[in-house]
Amino acid sequence: MELKNAMLELIRRASTDLSPDVEAALVQAYDREDEGTPAKSVFGTILENVKLAREASTPVCQDTGSVIMYIDFPVGHSEKVYKEAAEAAAMEATKLQYLRPNAVDPITGKNSGNNVGVNAPYLHFHQWDKDEVRVRLMLKGGGSENVGAQYKLPDTALKAGRDLKGVKKVVIDAVNKAQGQGCAPGIIGVGIGGDRVTSYALSKEQFFRKLGEPSANSDLAALEKELYEDLNKLNIGPMGFGGKTTCLGVNVAAQHRHPATFYVAISYTCWVYRRKQMIIKGSEVTYD
Amino acid sequence: MIKLTTPISEETARSLKVGDEVLLSGTIVTARDAAHKLMVEEKPDFPRPYMKDGVIYHCGPVVKKHEDGSYSFVAAGPTTSTREEPYQAAVCEEYSVRAVIGKGGMGPKTLEGLQKVGAVYLHAVGGAGTLIAKRCTKVETVFKLEEFGTPEAFWVIQVEDFPCVVTMDSHGNSLHKEIAAKSDEIAKELMGLK
C-alpha cells in the first residue's frame with residue numbers, strides 16, 4: 001500500500017529528525033548561552049541527541065507524542081482511504097519503534113499497544129482545489145500538552161482586558177506557570193477569539209508555521225516579536241535551569257469571536273518540535 | 001562531576017547538593033503514573049529489592065523486543081515529574097528510595113519527603129531520548145508490562161554514566177523553587193502588575 005508507506009516514512013522522519021529551522025534555532029540558543037552554565041550544557045546535550053537520533057533513525061524523544069494529521073485532498077477522494085492508511089502507518093511505525101504506544105483507553109486504562117484507538121491517530125480533513133494531496137503531521141508530546149492553557153478575558157487577577165495588551169499578559173502568565181515542565185525552550189502557539197474548541201485548535205495549528213516567519217497581520221507580527229523578547233527575559237531557560245532561552249518562537253493567529261466571549265488559547269510544544277509535511281502528486285512524494 | 005553507583009547509602013544521598021553534576025551507574029527502575037498510584041495504594045513487594053537504597057526513573061521508554069525475548073531501550077528520556085507530586089514522598093519513604101530521576105522538578109511535598117528520607121531529585125535532559133537510551137546498557141526484567149503497557153511498566157535496567165544534575169536535595173534546597181520565584185517577579189514586571 002503506497003499511501004501507507006509514504007505516511008510511515010513521514011512518521012519516521014518526524015520522530016527521528018527535526019526540521020532545519022528548529023535545529024538552527026537550537027544551535028543559536030546554544031551559542032547565546034554563557035560558557036560553563038547549566039543552560040549551555042543542556043543545549044550541548046540536546047544538539048548531540050538530535051545528531052545521534054538522526055544517525056540511528058531512532059526517536060529524538062521517547063515521548064513520540066500523539067499522532068495528528070491535517071490532510072488536504074482533491075475533490076472526489078475518499079477520507080476512508082486516508083484514515084485506513086494513517087492507522088496502518090501508525091501500527092507499523094509502532095512495530096518499528098518510530099512511535100511509542102501512546103493510545104490509552106481512559107475508561108479501562110488499557111494501552112492499545114499500536115497507537116490506534118478512538119480518535120487516534122487524530123485526523124483533520126480538508127478538501128481543496130489542487131490536484132495534489134498534502135499531509136501535514138504533528139507528533140505532539142504529552143508533557144508540553146499539559147502546560148497549555150486557555151484564558152477568558154477580561155481576567156481580573158492579571159488585569160488583562162479585551163485587547164492585544166490583555167492577550168500579551170495571559171501568554172506571559174501561561175509561559176511563566178509552565179516553567180521548565182513542558183521541556184523548555186518551548187514554541188508558543190496562540191489562538192485569539194473563536195470558541196472553547198476552536199481557540200485551542202487555532203493555537204495548535206500555528207505549530208505548522210516555520211520558526212521566525214511572522215504573521216501576515218502587522219499587529220499580530222508586532223505582538224509575536226514583543227512576546228518572543230519578553231518571554232526570553234523570564235530566565236526560565238532550557239529545562240527550567242535558568243538561561244537566556246525560554247522560548248524558540250511565538251506564533252499568534254486570530255479568528256472572529258462571539259460578542260460575549262474573548263478566549264485566548266496557548267498551546268506549548270517542547271523543543272522536540274516535530275512537524276513534517278509531504279505532498280503527493282501523481283506517483284511522486286516530496287517531504288519537507 | 002560526581003560518580004554515583006547504586007545502591008546509594010543515606011549518607012551519600014545526604015552529601016549531595018543542588019547544582020552537583022552526577023554520572024549515575026548501576027541498577028535503577030522506571031516508574032511513572034500508574035506505578036506510583038499502585039505503590040501508594042497497594043504497596044506491592046516486587047519493587048522492594050530494586051528500590052531499597054535505589055533509584056526511581058520517571059520514564060516511559062520506547063522499547064525493542066528481540067527475537068530471543070530480551071528487551072533493549074531505543075529512546076528513554078525523562079517524563080514530567082510533577083504528576084507524581086501527590087505520591088512521591090510516600091513512595092520514597094515506603095521503599096527507602098535514595099534518588100528520583102525526572103524532569104521539570106517537583107513540589108514542596110516531595111522536597112519535604114527528600115529531607116525526611118535522605119534522598120535527592122536528579123534532573124535529566126528532557127527530550128534526550130536517544131542519547132540517554134545509549135546509557136541504558138541492559139534491561140534486567142520488567143513488571144506489569146501487560147497490565148500497564150510499555151510506557152507505564154516497571155522496567156528494571158542497568159545504566160552506565162547516566163548524566164544528571166541535582167536540582168532538589170535533602171537540605172530543603174530546590175533549584176526549581178528559586179527559578180520560579182525569580183521568574184514570578186519578572187513576569188509581574190512585564191505584565192505591569194508591580
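The charged end of R275(A) sits over the ring of Y273(A), 4.2 Å from its centre. A charge sits over a ring if NZ of Lys or CZ of Arg is within 6 Å of the ring centre and within 35 degrees of the ring normal. In chain B, the charged end of K144(B) sits over the ring of F148(B), at 6.0 Å from its centre.

This is a predicted model: local features need pLDDT of at least 70, side-chain atom pairs count only at pLDDT 80 or more, and totals for chains, interfaces and linings use all residues. Side-chain values use heavy atoms, without hydrogens and water, residues are numbered from 1 along each chain as its sequence is written, and chains are lettered from A and ligands numbered from 1 in the order in which they are written.

Next come the rings. Over all chains there are 10 aromatic pairs. Rings of Phe, Tyr and Trp (its six-membered ring) pair if their centres lie within 6.5 Å; planes under 30 degrees apart count as stacked, over 60 as edge-to-face and the rest as tilted. F73(B) and W155(B) pair edge-to-face, 5.8 Å centre to centre, with 85 degrees between the planes. F73(B) counts as buried because its relative accessibility is 9%; buried means under 20% relative accessible area, exposed over 50%, partly exposed in between (1.4 Å probe, protein chains only). Ring pairs also link F46(B), Y50(B), F143(B) and F154(B) into a cluster.

Now the cores. A nonpolar core is a set of buried Ala, Val, Leu, Ile, Met, Phe, Trp, Tyr and Cys residues joined through side-chain atoms within 4.5 Å. The largest has 64 residues, and F73(B) is one of those with the most contacts inside it. A second, separate core of 32 residues includes L153(A) and A187(B).
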